[in-house]
Amino acid sequence: MTDRNDQMSVLSETECWQLLADAGLGRLVTNADGRPAIFPVNFAVQNRTVLFRTAEGTKLVGAAINNNVLFEADGYTSDEGWSVIVAGVARSLRSDEEIAEAEQVELVPWVASEKKHFIRIRPRNVTGRRFQFATQPADVLAAEDPVLG
């Protein structure tokens, strides 16, 4: 679906997963100590879930206590941008079978720290948008300007 100016389109769920699969860097949005928190994470897509690794700490505790999370990734070129949001349930992988499956994607931490815990986000809802960048600023009529009236 595209808006009347063809500047924004809603992505299908399949398109969202394709974009996520190529992104590699996203943001986990959760609740830490009663406050919203956002963490950049490198990730992989596996079986239409989001998978990332973490060390002991806030992300791991957050997945255990506040498992309803949002995950967002985006990207852009010189002509367009996109954004995908996954609303879902985060869970630390515990069984040998779950961990063996997660290890198949060869998700390697970007920093030299031990991140031995896998977190998987099972989606409840996946939404995405693609934006066509304007080649020039939009004309704003004086009557539409909130300052000029």
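This is a predicted model: local features need pLDDT of at least 70, side-chain atom pairs count only at pLDDT 80 or more; totals for chains, interfaces and linings use all residues.
1. Let me start with Arg-27, which is partly exposed at a relative accessible area of 23%. For the terms used here, buried means under 20% relative accessible area, exposed over 50%, and partly exposed in between, with a 1.4 Å probe and protein chains only. Residues are numbered from 1 along each chain as its sequence is written, and side-chain values use heavy atoms, with hydrogens and water left out.

2. What does Arg-27 meet in a salt bridge? The partner is Glu-72, at 2.5 Å from N to O. The pair links distant parts of the chain, with Arg-27 in strand E2 (residues 25–32) and Glu-72 in strand E5 (residues 68–76), 45 residues apart. Glu-72 counts as buried, at 15% relative accessibility. Asp-74 belongs here too: Arg-27, Glu-72 and Asp-74 are linked in a network of salt bridges. The rule asks for a side-chain nitrogen of Lys or Arg within 4 Å of a carboxyl oxygen of Asp or Glu, and it gives a count of 6 salt bridges.

3. Next on my list is Glu-80, in a salt bridge with Arg-130, where the closest N and O atoms are 2.9 Å apart. Glu-80 sits in strand E6 (residues 80–92) and Arg-130 in strand E7 (residues 117–132), so this pair ties together parts that are 50 residues apart in sequence. Arg-130 counts as buried, with 18% relative accessibility.

4. Glu-98 and Arg-91 also form a salt bridge through their side chains, at 2.1 Å from N to O. Arg-91 counts as partly exposed, at 38% relative accessibility.

5. How many aromatic pairs does a search of the whole structure find? It finds 1. Phe-43 and Phe-71 make that pair, edge-to-face, at 4.8 Å centre to centre and 70 degrees between the planes. Here rings of Phe, Tyr and Trp (its six-membered ring) pair if their centres lie within 6.5 Å, and planes under 30 degrees apart count as stacked, over 60 as edge-to-face and the rest as tilted. This pair also links distant parts of the chain: Phe-43 is in strand E3 (residues 35–46) and Phe-71 in strand E5, 28 residues apart. Both Phe-43 and Phe-71 are buried.

6. Now helix H1 (residues 13–23), whose buried residues are Cys-16, Trp-17, Leu-19 and Leu-20. Viewed down the H1 axis, they fall within an arc of 165 degrees, so they line one face of the helix; the arc is that of the directions from the helix axis to the C-beta atoms. They pack against E3, strand E4 (49–54), E5, E6 and E7. Just after H1, Gly-24 has a positive phi of about 85 degrees.

7. As for the overall layout, the protein chain has 3 helices and 7 strands, running β-α-β-β-β-α-β-β-α-β from the N terminus. Helices (H or I, at least four residues) and strands (E, at least two) are DSSP runs, numbered from the N terminus.

8. Last, the chain totals. Of the 149 residues of the protein chain, 34% count as buried. Among contacts (heavy atoms within 4.5 Å) between residues at least 6 apart in sequence, 68% join residues at least 24 apart. The protein chain exposes about 9600 Å², with carbon and sulfur atoms supplying 51% of it; accessible areas come from the Shrake-Rupley method with a 1.4 Å probe, and for residues only the protein chains shown count as cover.
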